[in-house]
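The following exercises concern the structure shown below.

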Amino acid sequence: MVDKNLTAEKLKSQFGEAVLRTEEFRKELTVFVKREKMLDVLSFLRDDPEMLFDMFIDVTAVDYLKMEKNPRFQVVYHLRSLKHNQRIRVKVPVSESDLKIPSIHTLWKGAAWCEREVYEMYGIIFEDHPDLRRLLIPETFTHFPLRKDYPLRGKGEREIILPEGS
Amino acid sequence: MQHDRSEDVEEFTIGTSEEAVKKAKDIYRKHFKIGDEDEESIRALKKTERMILNFGPQHPATHGTLRMLFELEGETIVKLDPRPGYLHTGFEKLAEHHTFNQFIAVTDRMNYLSPLSNNIGFALAAEKLLGLELPERCQYIRVIQAELTRISDHLVSIGTHALDMGAFTVFLYVFRQREFIYDLFEVSTGSRLTTSYTRVGGLLRDFPDGHVEQIRNWCKQFKETCTDQVEGLLNHNKIFQNRIQGIGKISAANAISYGMTGPSLRACGVPYDLRKDEPYLLYDRLDFDVAIGNEGDAFERYLVRMEELKQSLRLVEQCLDQMQPGPIKVDDNTVAIPDKNHVYGSIEGLIHHFKLIMDHHGITMPKGEIYSATESPNGELGWYIVSNGEGTPYKVHVRAPSFVHFGMMPVLCQGQMIGDAVATLGSLNVIAGECDR
């Protein structure tokens, strides 16, 4: 089993400033990575024999509008190493003015499907994505419902989609 | 007597030009002539236009409201486009406006075949955020309920899958057993489907008197169902075997890259079981084996589920033997909801109750974020919770196994027949409520 501190140290020494910082909370390691170097770090995490995070678990995003963090969004990747029985969380900050992030479907095949959900819920655009459409909500929908400035009961677009008497 | 059908050809051809009609007539004649093995005509007949076929959302074989679009060449699937979302209810948005205990009622509605697994998964996630250590009896009861749920989920999965494949009898036997399990849930939780049994830091209530005996009696008669009524009817059934062997096949490396988990991944030969790899509750104290297959097809998934039924039964029996009387919630008034007689009988109890139940209060969580995963019947059910130190979570994200598995349908069904897509979907046990959230 590889120690969590060693993983964090190794990432920092390998990538220098691209790794913004690391955190540990409840025995879970979180690594903050710059968007520009994200693909390098993730492919290193997948292929390095001491890491081998071969299993794709999840991708989601967090809107920090109400927690007043800068930048507003963070895309969160959860990965797991079957060989070393380890988990890691990689967070990539994305600013509101430039909502773009590279897609990682070339590294983990399952990512393309989950990225579609992040796109429709937060409006984050995954570059080089093979099929970036809305997934769970209708394609006519124009808002991004999991953003913090979107109200619980919607903005009234239901009435627009379904006019009275339909 | 052979009827010369070449006269009827004209109405079947799309074009009306003489050439098109002649061509079609030629093909038709050659095709219907017995003993004529003209390869060219057969190839010409096979060259059809691609057809788009809609499957679902209301189709009995989807077991819910799932929709897929097939692009077909003849009966072969060339392209498959899964279209989830017909049960999208915005659970993740709802979570941001409810306290942790309130949200447990919502988790029932996710995977509605195994509501207790969802309850336990979410409660464990909230407890991980708090850093709580649960009393032993509470953990034993949770393991029993989780395993009983796994049994009922696998039974329904096997039963409906067999039903889709034409084996009706198994369906009746397993639904009878599921009914008994629901009766047990009714005794312990008060409801059959929407159980809402867990609370952060404990349970709704302890087992009533004599319930342990009831579960024991059920276990005794259940073994027979497993071996005689299901395995006896399906394991060596040539029709069932031939129908689903080699269907929906995937290699282990591919499955891992796609994030497949649970029985479906274990059927590929990967011994990945969170109960062993990251033991939560008391699983490290209990003795059980991880069922694995090696082919990774629909039949192996059935076999793995069948083996897990037996292992779950072992786990339940061990828990019943080891369980001792004790408290079922943590001794912390800022987390556990006080008993009703305490609320009505003392001012402290009333204050604790008020602070936990009323709007804009709830349990005060530490700031931070966690990812907690449990082995639900379908695979890894993960909860990613971000907390800003208030009573309601800042963000909750569910990593639902059915969602990931449904996204894998194009890979699993590539180049197969339409009927095999139904077999694959049934063997994955994709639950629409969990897929769409």
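**Exercise 1. The fold of chain B**

In this predicted model, residues 24 or more positions apart account for 67% of those contacts in chain B that have a separation of 6 or more.

Task: State how many helices and strands chain B has, and what percentage of its residues is buried.

Solution. 
1. The secondary structure of chain B consists of 19 helices and 8 strands.
2. Chain B has 437 residues, and 47% of them are buried.

**Exercise 2. A helix pair in chain B**

Task: Describe how helix H4 of chain B packs against helix H5 of chain B, and classify the orientation of the pair.

Solution. 
1. The helices are H4(B), residues 100–107, and H5(B), residues 115–130.
2. Angles over 145 degrees count as roughly antiparallel. H4(B) is therefore roughly antiparallel to H5(B).
3. The crossing of H4(B) past H5(B) is right-handed.
4. On the H4(B) side, the contact is formed by B:Phe100, B:Phe103, B:Ile104 and B:Thr107. H5(B) contributes B:Asn118, B:Asn119, B:Phe122, B:Ala123 and B:Ala126.
5. Sorted by class, the contact of H4(B) with H5(B) comprises 6 nonpolar and 3 polar residues, with no charged residues.

**Exercise 3. The sheet of chain A**

Task: Determine the strand order and the edge strands of the sheet in chain A, and identify a helix that packs on this sheet.

Solution. 
1. The sheet is open and has 5 strands, in the order E1-E2-E5-E4-E3 (chain A), with mixed pairing.
2. Strand E1 (19–25) and strand E3 (55–63) of chain A each pair on one side only, and these are the edge strands.
3. Direction ignored, neighbouring strands of the sheet are turned by 20° against each other on average.
4. A:Asp63 is placed opposite A:Phe73 of E4(A).
5. The sheet carries helix H2 (residues 38–47) of chain A, which touches E1, E2 (28–33), E4 and E5 (86–94) of chain A. The direction of H2 makes about 175° with that of E5(A).

Note on methods:
Residues numbered from 1 in each chain as written. Chains lettered and ligands numbered in written order. Predicted model: local features only at pLDDT ≥ 70, side-chain atom pairs only at ≥ 80, totals over all residues. Axes fitted to C-alpha atoms, helices over the stretch in contact; angles between N-to-C directions. Helix = DSSP H or I, 4+ residues; strand = E, 2+ residues; numbered from the N terminus. Parallel < 35°, antiparallel > 145°, perpendicular 65-115°, else oblique. Left-handed = near helix turned anticlockwise from the far one by under 90°. Contact = placed C-beta atoms within 7 Å. Nonpolar A, V, L, I, M, F, W, Y, C, P; charged D, E, K, R; others polar. Pairing = 2+ DSSP bridges. Buried ≥ 20, exposed ≤ 12 C-beta atoms within 10 Å, placed from the backbone.
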